[in-house]
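Dear colleague,

Please find below the structure that I am handing over to you.

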Amino acid sequence: MSQLSRSSGSLDDTPSTPGKFKPDKPSPYIHRLRFHNLSKFTFYSAFFLAILCFFFLLSSPSGSNPRRSLGSYGGSDWERHVTRSARRRSDSGMTVLVTGAAGFVGTHVSMALKRRGDGVLGLDNFNLYYEPTLKRNRQKELQKNGVFIVEGDLNDKPLLHKLFDVVAFTHVMHLAAQAGVRYAMQNPSSYIHSNIAGLVNLLEVCKSANPQPSIVWASSSSVYGLNSKVPFSEKDRTDQPASLYAATKKAGEEIAHTYNHIYGLSITGLRFFTVYGPWGRPDMAYFFFTRDILKGKVIKIYETADHGSVARDFTYIDDVVKGCLAALDTAKKSTGSGGKKKGPAQFRIFNLGNTAPVPVSELVNILEKLLKVKAKRLVLPMPRNGDVKFTHANISLAHRELGYRPTTDLETGLKKFVKWYFKYYKEEKKKISAW
Ligand SMILES: NC(=O)c1ccc[n+]([C@@H]2O[C@H](COP(=O)([O-])OP(=O)(O)OC[C@H]3O[C@@H](n4cnc5c(N)ncnc54)[C@H](O)[C@@H]3O)[C@@H](O)[C@H]2O)c1
Ligand SMILES: *[C@@H]1O[C@H](CO)[C@@H](O)[C@H](O)[C@H]1NC(C)=O
């Protein structure tokens, strides 16, 4: 799969974050590769390439396709898409670069900003960490609403400079990251690539932009790690991460502080607590539990060593979006210019949780009720692979400073998720059978 995705990627944009997405069944092409001799291999490669070229030519007859091809960007057409997407409805609005716009939270935040009249431009590398069609379908939804996503990587410095040359962003909503706790043991370097190197590259470009934008970015509740004092408050210790993912988010908070201190960038970090909802992430438990319960597959439910329950402070996407917009709205301007600090700038960190932790077994109870299917449960001790026992947010700071007040309980939120799930996969099935 990695060979295939890399070779087809070179015709388009190669996402530099290696992905883990694997189709259910291996392609017959891979099968042949393994069992036949070299001349057959050459024949099939040529044949395959010819077919690829054919479809490539078919799909871009005039060369005016807004999607970047052959690794280039720019050009008047591309710039027109960028400026139109970034145009705000009124002078009082903001112009926001949303990184990770094809992601779960990024799609919802982009949509909410665009709806209220702000200018929005997306950036995403469409990596293969989870099913790429889901990202493409979110992109289509955004496109319908006038949001354009530039396809590129956070680490592409010329591209980022170009974006700031074309658009005077007032704000950056930075949501692009390698997410997921357990995957860090499989592919540690993807976390360094996006969450460390990519973050630094983005901040470098922001600090030298004129004017400097204000930055709001996603940290994570995982920075609390092995902290056992509940509820988690922003002042609690965050120096005992339990996963490489958590460590890169913690490092991100320190890096953000440095750029705030040296260059006068206004930076707000948001520690999200297990965000869920429609258009969510298939690598998260509520999502794959739904899929597996419907398939009649056994689901694994972890408990602590002393048979205690594992719990999460599940936070509904609409509540998180409100928190993100409030953080953007209350962000003060950066103080630097020309890469130099002129005075102290705002630096904030907020928990965005629900303050109502729910045991995972209760999550499954709710799903059973909504799906009307009994789950096949397998209760196992939690492996030491990065997950923590529980999360519970103290949100009084976000309440005071952002007016943040989550209003969706887990059952209400899951009902909306399940409704979306059925509709979405029904339409996907139709598309496949229409082929
Ligand atoms: N969903 C949650 O429960 C949760 C909890 C805590 C923190 N967060 C953080 O919130 C943010 C958004 O999370 P999400 O759930 O929407 O995840 P997501 O994986 O759906 O979205 C992230 C997007 O960023 C893109 N991306 C990754 N690396 C990139 C790179 N180098 N350049 C360009 N694009 C890149 C991916 O293609 C993806 O579309 C992330 O920073 C995540 O770590 C999420
Ligand atoms: C929650 O955090 C606030 C500070 O923002 C603190 O004053 C309060 O004591 C905390 N509450 C609990 C229950 O820990």
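Threonine 274 counts as buried, because 22 C-beta neighbours lie inside 10 Å and the cut-off for a buried residue is 20 or more. Please note that this is a predicted model. Threonine 274 is found in the loop that runs between strand 6 (267-272) and strand 7 (275-276). Its phi is near 30°, which is a positive value in a residue other than glycine.

A positive phi also occurs at tryptophan 279, where the angle is near 65°, again in a residue other than glycine. This tryptophan 279 belongs to the loop between strand 7 and helix 10 (285-295). Is tryptophan 279 buried or exposed? Tryptophan 279 has 20 C-beta neighbours inside 10 Å and therefore counts as buried.

- From asparagine 210 to proline 211 the peptide bond is cis, and omega is near 0°. Proline 211 sits in the loop that links helix 8 (188-208) with strand 5 (214-220).
- From valine 230 to proline 231 the peptide bond is likewise cis, with omega near -10°. Proline 231 is placed in the loop between strand 5 and helix 9 (244-263).

Threonine 274 lies between strand 6 and strand 7, and tryptophan 279 lies between strand 7 and helix 10.

With kind regards

Definitions and conventions:
Residues numbered from 1 in each chain as written. Chains lettered and ligands numbered in written order. Predicted model: local features only at pLDDT ≥ 70, side-chain atom pairs only at ≥ 80, totals over all residues. Helix = DSSP H or I, 4+ residues; strand = E, 2+ residues; numbered from the N terminus. Buried ≥ 20, exposed ≤ 12 C-beta atoms within 10 Å, placed from the backbone.
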